[in-house]
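Hi everyone, thanks for coming. Let me put the protein up on the screen, and then we'll walk through it together.

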Amino acid sequence: MAGNVLADSEARGHEQVVFFNYPEVGLKAIIGIHNTVLGPGLGGCRMRLYPNEAAAIDDVLRLSEGMTYKSALAGLPLGGGKACIIADPAMMEGREALFKKFGECLNYLMGRYITAEDMGTSVSDMMVMKAVTKHVVGTDPKLGGAGDPSPWTAKGVFLSMQAAAERVFKEGRSVQGKRVAIQGVGHVGMYLLGYLTEAGADVTVSDTNELNLKEASSKYGAKVVSTEAIYDVPCDIFAPCAVGQTINAQTLPRLSCQIIAGAANNQLPDRSVYSTINDKGILYCPDFVINSGGVICVCAEVAARGQNTEWISSKVNDIYVTTSKVLDEASRRGAFTEEVAVELAKEVINAARNRVSQ
Ligand SMILES: NC(=O)c1ccc[n+]([C@@H]2O[C@H](COP(=O)([O-])OP(=O)(O)OC[C@H]3O[C@@H](n4cnc5c(N)ncnc54)[C@H](O)[C@@H]3O)[C@@H](O)[C@H]2O)c1
């Protein structure tokens, strides 16, 4: 957990970490800009009540670093950034004033960071900011925005699952009959459930939200278990699509899967779990490699392509190729998949840095 901001950001390679404090509108925010070699740092704005400030800083540092690798591997002209607003995501009164002020704060960074929706924020918050800054995406599709990126994220995760299944089960790309446990059927998880059901997988889901569970079972026939029981469900593929760090020392002994592939960011707490995952013979698909459909979608908006479905679709299809490359390279080197993915992303960034300095 972050305690010393400068030391921790230096260790992760951050260029800039900025704090904004405007108590008159209840705005307390942190923006992490990890790397801008490939382009402006883009990443969502999370609104959350953290247990303490160190937890908020840790979240921003980890997530912004992940965005750098995600965009680099997806071949996007973007760097990594992330913001968090420390406030109750359910707040209604004064919400507009808070987001207007946050939009103004983005102007101080002069485009080095571009924001988007994330946990606790919505398209309407983005629209409030859009009135005062151009450094925001994920805005209303009726007004030229990219709209909800979740279907694209789910598609990328599904394609990556197929890449992993091909290597583990040796039955081609098919996931037919495979038992998949999805943790969290929110925006991404529900679309993923749709893809998996269509492909003939046998899916079990968990969620804290009763309405989402009802939809998963009535629309797709998914089996439902409690949020605790999901770790013990006999399955071939485990898909974390809720919160981060659910693949940890406590949960790993309970997992029976051969593949982990899901949308959630920061699924692993740290490198300490690499050896346990390897020892269990699980093929781990790194989150930032496979969940880039969302950033691809909003990148189209940065480039003023709006909802350019053809461009987005072709980029999202490439996630299958990138995942395959990471999995094969890791197998060839005998290294952990996440380590290899970070190395490949750094190669992309270094190549761009060298081109600029020549
Ligand atoms: N939306 C995107 O395009 C996108 C892109 C990249 C990464 N992600 C990541 O994927 C994950 C899911 O994103 P989303 O947009 O679907 O979010 P969401 O909030 O719509 O869905 C998350 C779901 O998880 C459920 N949940 C929360 N705690 C849970 C728990 N302990 N066990 C089971 N379910 C739980 C919530 O009730 C909700 O239904 C997040 O970690 C997000 O950061 C999303």
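This is a predicted model: local features need pLDDT of at least 70, side-chain atom pairs count only at pLDDT 80 or more; totals for chains, interfaces and linings use all residues.

Residue numbers start from 1 along each chain as its sequence is written.

So, what surrounds the ligand? There are 25 residues around the ligand, the closest being Thr153, Gly184, Gly186, Ala242 and Gly294; a residue is near if its C-beta atom, placed from the backbone, lies within 6 Å of the molecule. Helix H5 (150-169) and helix H6 (187-198) are the elements that give two or more residues to this shell, and H6 supplies the largest share, three residues. Helices here are DSSP runs (H or I, at least four residues) and strands are too (E, at least two), numbered from the N terminus. By class, the shell has nine nonpolar residues, 15 polar and one charged.

Stepping back, the protein has twelve helices and twelve strands. Its C-alpha atoms fill a box of roughly 55 × 50 × 45 Å along the principal axes. Of the 358 residues, 49% count as buried, meaning 20 or more other C-beta atoms within 10 Å of the residue's own, against 12 or fewer for exposed and in between for partly exposed, with C-beta atoms placed from the backbone.

Methods. Ala, Val, Leu, Ile, Met, Phe, Trp, Tyr, Cys and Pro count as nonpolar, Asp, Glu, Lys and Arg as charged, and the others, Gly among them, as polar.
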